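User: Please take a close look at one helix pair in this structure and at the aromatic residues that go with it. How do the helices pack, and how are the rings arranged?

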Amino acid sequence: MSFDNAYESLIDHEDTHWAFGTGFSEALPGVDREVPSTVDAPDLFAYCLMLGDDALVLSQRLAEWCSRAPELEEDVALANIALDLLGQARLLLTRAGEVEGAGRDEDALAYLRDEREFRNVHLAEIECGPLAGGDFATTMARLLVFSSWKIAQYSRLRTFDDPVVAAVAAKGLKELAYHRDHAAQWVVRLGDGTPESHERMRAGVRRVWPYLDELFTAHAVELRLGVDSAAFRAEVDGVLDAVFAAARLERPEPVPAARVNGRAGRDGVHTEAMGYLLAEMQHVHRSLPGATW
Amino acid sequence: MDLEAEFERTVAAEHRVEPRDWMPDGYRKTLIRQIAQHAHSEIIGMQPEGNWISRAPSLRRKAILLAKVQDEAGHGLYLYAATETLGADRGDLTEYLISGRQKYSSIFNYPTLSYADVGTIGWLVDGAAICNQVPLCRTSYGPYARAMIRICKEESFHQRQGYELLMTMMRGTDAQRAMVQESVDRFWWPSLMMFGPPDSESANTEQSMAWRIKRNTNDELRQKFVDMTVPQAEKLGVTLPDPALKWNEERGHHDFGQPDWDEFWQVVKGNGPTNAQRVAHRRKAHEDGEWVRAAAAAHAAKRSADARAIGQSA
């Protein structure tokens with residue numbers, strides 16, 4: 001095999017069909033993209049945003065670790081998890097745009113919606129390190145809770161009425177199983193490591209604990225679509241209890257964060273961190289209107 | 001003496017030297033220095049591009065960039081692993097990097113100031129790296145040569161992605177085209193510097209060439225890079241910022257101007273635009289992670305003690 005021509009041959013290839021988003025969107029080949037008659041389209045649109053935003057916003061947070069992880073292996077692992085979630089987000093936002101039928105693609109939805117229109121849970125958006133608001137232990141506490149909850153959610157969505165969401169869930173489950181395993185291993189290592197790591201792990205769990213309740217509070221859209229997130233609780237609790245036991249950590253008492261006039265992330269009411277996250281994420285896209293990327 | 005003669009024969013015959021073979025100390029030291037410097041470059045190189053992950057202007061570009069920076073971490077990992085086959089220790093090498101004792105490619109001491117820089121780094125910087133690295137796929141030390149084969153494949157992919165980004169931007173708005181040109185203006189000369197000082201001033205070239213650690217001189221590779229880049233720039237529709245750049249029919253190569261070598265040495269000596277920032281970033285990540293690594297080690301020790309206890313009670 002010759003590598004000598006790698007640079008020379010650059011302009012001899014015009015094949016742009018090497019990635020999703022470059023003009024071909026067969027990311028889920030063979031999946032029927034008709035909106036099923038049994039599903040209310042506005043509800044399905046809203047639900048795709050909820051699922052897509054959860055994945056997109058946590059991906060954005062995890063990518064902050066890139067070049068800042070405790071070891072190179074972890075730079076690779078966290079980038080991998082962020083990429084998996086970004087991949088899920090792209091499929092879900094693309095689906096949201098299709099169902100809406102107003103010509104919005106994944107980028108219009110990711111970059112041109114304002115904070116109030118984002119539907120992710122608060123757990124995805126809060127700062128858990130490497131920047132202010134946490135550390136590696138907090139990041140792993142969040143990832144354990146998030147991926148355990150997502151697994152409960154996606155495993156039910158495999159039989160969801162919309163075949164695209166069902167296909168994303170089926171594919172995503174395999175990825176999430178790895179994410180949960182990675183997080184659980186770190187929670188155990190840190191919980192049962194040194195006195196310092198134990199204390200940090202304990203603090204990390206406490207940092208994310210107030211955001212648990214929202215995960216199990218079903219939004220009206222979810223209930224109408226037959227997905228009751230309150231039903232995930234026992235399954236998630238079981239996973240967390242097993243991991244905490246191995247990590248020699250105590251399960252904190254429930255301390256649910258109060259909602260704002262009864263509203264939270266699923267209603268578009270976010271934490272103060274969200275505005276900064278979006279400002280950074282959307283800045284370049286919005287600065288160059290009409291640009292193609 | 002026989003060992004040395006055998007080593008010389010192996011190298012001259014273009015055979016590979018493997019970790020358990022005898023090798024001169026100078027060869028070992030030079031290789032460790034060169035591979036470590038390459039590994040450090042991959043790791044420090046994560047920063048200028050990582051700078052744009054959070055702001056990537058489309059989700060596709062975000063995925064491409066994140067995957068690329070992840071690949072760089074992977075390259076760093078297998079290069080550090082290659083140094084370990086020579087008896088070096090990754091922890092020591094990291095210390096040398098964050099204490100400034102060992103260098104990395106100076107190109108990463110230039111800041112990334114627009115999204116076009118992501119494309120320009122892919123096109124020019126990865127392109128220059130490929131020109132430097134392709135010959136190393138045939139370098140005399142086996143583990144290094146094999147690591148380079150894999151790295152070059154991925155670098156070629158990155159380079160194509162970078163060029164494709166620039167091409168897409170050039171087909172976009174006037175603002176995007178201006179952004180690409182401005183980026184190329186900033187990165188052209190530093191890219192030429194990536195091949196190192198002129199041969200007349202390069203201290204290590206001769207011995208490294210004899211040992212087949214290095215296969216071409218700095219000036220040869222620089223010329224090759226310029227010759228390959230000019231048609232690509234034309235196709236892209238950007239102007240390379242060198243008034244002296246023109247085809248020389250007689251030589252069969254492009255003539256081109258010299259980079260500002262004073263600036264080069266200034267950056268190499270640590271006074272580039274971001275040297276202090278890059279090293280401080282790496283040091284902070286390493287130091288902030290110390291408690292995590294200590295915890296992982298403590299946990300592993302407890303588990304192996306548990307395993308021993310189970311073994312004894314059985």
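Analyst: A residue counts as buried when its relative accessible area is under 20%. The model is a predicted one. At 3% relative accessibility, A:W186 is therefore buried, and A:F136, at 2%, is buried by that cut-off too.

Helix α5 of chain A spans residues 136–157 and helix α6 of chain A spans residues 163–191; their axes come within 7 Å and cross at roughly 150°. Because angles over 145 degrees count as roughly antiparallel, α5(A) is roughly antiparallel to α6(A). The crossing of α5(A) and α6(A) is left-handed. Sorted by class, the residues in the contact of α5(A) with α6(A) are 21 nonpolar, six polar and two charged.

Now the rings. Over all chains, the count of aromatic pairs comes to 15. In one of these pairs, the ring centres of A:F136 and A:W186 are 5.1 Å apart and the planes stand at 90°, so the arrangement is edge-to-face. A:F136 lies in helix α5 of chain A and A:W186 in helix α6 of chain A, so that the pair links parts of the chain 50 residues apart.

A:F146 and A:W149 form another edge-to-face pair, with 5.8 Å from centre to centre and 70° between the planes. Both A:F146 and A:W149 lie within helix α5 of chain A, three residues apart, or about one turn of the helix. A:F146 is buried at 1% relative accessibility, and A:W149 is buried at 1%.

Notes:
Residues are numbered from 1 along each chain as its sequence is written. Chains are lettered from A and ligands numbered from 1 in the order in which they are written. This is a predicted model: local features need pLDDT of at least 70, side-chain atom pairs count only at pLDDT 80 or more; totals for chains, interfaces and linings use all residues. Side-chain values use heavy atoms; hydrogens and water are left out. Axes are lines fitted to C-alpha atoms, for helices over the stretch in contact, and angles run from 0 to 180 degrees between N-to-C directions. Helices (H or I, at least four residues) and strands (E, at least two) are DSSP runs, numbered from the N terminus. Angles under 35 degrees count as roughly parallel, over 145 as roughly antiparallel, 65 to 115 as roughly perpendicular and the rest as oblique. A crossing is left-handed if the near helix is turned anticlockwise from the far one by less than a right angle, and right-handed if clockwise. Ala, Val, Leu, Ile, Met, Phe, Trp, Tyr, Cys and Pro count as nonpolar, Asp, Glu, Lys and Arg as charged, and the others, Gly among them, as polar. Rings of Phe, Tyr and Trp (its six-membered ring) pair if their centres lie within 6.5 Å; planes under 30 degrees apart count as stacked, over 60 as edge-to-face and the rest as tilted. Buried means under 20% relative accessible area, exposed over 50%, partly exposed in between (1.4 Å probe, protein chains only).
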